Amino acid sequence: MREREGEWEVMREMKKPGGADKKRVRRSSAAVQNGGRDPSSDTPPRKQPAKKDVFQLFAEKVRDHKELVSRWAVLQETRVEYFRGKDFVSFLKNHPEVKEILESEKNLEVEEIADVLLSKNLLVRCDRVVKTIRPGKKKLSTWPAHLEIFPDQVFSDNDAFFAWAFVKRRPLWQTLLSFFWPVLTLAICLFPVYPHRCKLLILYSCAGVLLLILSLLL
């Protein structure tokens, strides 16, 4: 019995170091994994908001400006808004504050700015379709109604036309108004089938508005 007890004790002592070593190996491997892991790798990197192109902002500002004279014409079966090159030059000379939108590029010449707009497809140089003087007229039309794309996309202020190549953003009130008018038209068309009380309410409301307008005028 004593010999067996001695053998069991020897076997226990031989097992203990091995078990401790395994625990140490597991702990060390876990520590290596935790230490080598980047704490910021769990959270995805935040996407920085894309900064809008300053030339795009400049083009939108110039297009919305009332001092730049522009007209509408048909370019390859598409209705476009266009202006003359000489009007663009005189506009930037009279309104240099518009160039502040370009930030670091505000010191560029007018021709250089226009060439950048052409390269970014914000502008398209056009030419008149009818290049001959019609009978009974002394000169070509100042604002032609039909245009075609000019082969050389370079800025020029000598009888050159430039069409905006981007879609103009519509204000919120125009969007709401475009939705309101069809609804109002439909409501007016359905007026005969309204209930009698609704008809009286609408008539009295219109009469009250008319009396208010007349009282204000008086």
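**Entry 1: Asp87 and helix 3.** I started with Asp87, which sits in helix 3, residues 85-94. I am working with a predicted model, so I keep that in mind throughout. Is Asp87 buried or exposed? Its relative accessibility is 14%, and because buried means under 20%, Asp87 counts as buried. I found Arg84, whose side chain meets that of Asp87 in a salt bridge, at 2.8 Å from N to O. Arg84 has a relative accessible area of 17%, so Arg84 is buried as well.

Next I asked which residues Asp87 contacts once its neighbours within four places in sequence are left aside. They are Leu68, Val69 and Trp143.

Then I widened the view to the helix. The buried residues of helix 3 are Gly85, Asp87, Phe88, Val89, Phe91 and Leu92. I noted a general point next to that list: an α-helix has 3.6 residues a turn, so residues three or four places apart point the same way. What covers these buried residues of helix 3? The cover includes helix 2, strand 2 (78-84), helix 4 and strand 5.

**Entry 2: the whole chain.** I stepped back to get my bearings. I counted 6 helices and 5 strands in the protein. Reading from the N terminus, I wrote the order down as α-α-β-β-α-α-β-β-β-α-α. The protein has 218 residues, and buried ones make up 22% of them. For contacts between residues at least 6 apart in sequence, I noted that 65% join residues at least 24 apart. The accessible surface comes to about 17500 Å², and carbon and sulfur atoms hold 59% of it.

**Entry 3: salt bridges.** How many salt bridges does a search of the whole structure find? The search gives 7.

One joins the side chains of Asp53 and Lys120, at 3.3 Å from N to O. Asp53 is in the loop between helix 1 (2-36) and helix 2, while Lys120 is in the loop between helix 4 (110-119) and strand 3 (123-128), so this pair ties together parts that lie 67 residues apart in sequence. I checked the accessibility of both ends. Asp53 is partly exposed, with a relative accessible area of 30%. Lys120 is also partly exposed, at 38% relative accessibility.

The other joins the side chains of Lys131 and Asp127, at 3.8 Å from N to O.

**Entry 4: Leu57.** Back to helix 2, which spans residues 54-64 and holds Leu57. I put Leu57 down as partly exposed, because its relative accessibility is 33%. Leaving aside neighbours within four places in sequence, which residues is Leu57 in contact with? I found Lys52 and Ile101. Leu57 and Ile101 are 44 residues apart in sequence, yet their C-alpha atoms are 7.1 Å apart in space.

The negative patch is formed by Glu109, Glu111, Glu112, Asp115 and Asp157. I wondered where Asp157 is found. Asp157 belongs to the loop between strand 4 (146-149) and strand 5 (161-164). Its relative accessibility is 41%, so Asp157 counts as partly exposed.

The nonpolar patch consists of Val209, Leu210, Leu211, Ile213, Leu214 and Leu217, which together have about 620 Å² of accessible area. Leu217 lies in helix 6, residues 196-217. Is Leu217 buried or exposed? With a relative accessible area of 68%, Leu217 is exposed, because the cut-off for that class is over 50%.

Conventions:
Residues numbered from 1 in each chain as written. Predicted model: local features only at pLDDT ≥ 70, side-chain atom pairs only at ≥ 80, totals over all residues. Heavy atoms only, no water. Helix = DSSP H or I, 4+ residues; strand = E, 2+ residues; numbered from the N terminus. Buried < 20%, exposed > 50% of the residue type's maximum accessible area, 1.4 Å probe, protein only. Contact = heavy atoms within 4.5 Å. Patch = residues over 30% accessible without salt bridge, like charges linked within 9 Å, V, L, I, M, F, W, Y side chains within 5 Å. Areas by Shrake-Rupley, 256 points an atom, 1.4 Å probe, with all protein chains shown as cover. Salt bridge = Lys/Arg side-chain N within 4 Å of Asp/Glu carboxyl O. Lys, Arg positive; Asp, Glu negative; His and termini not counted. Charge placed at Lys NZ, Arg CZ, Asp CG, Glu CD.
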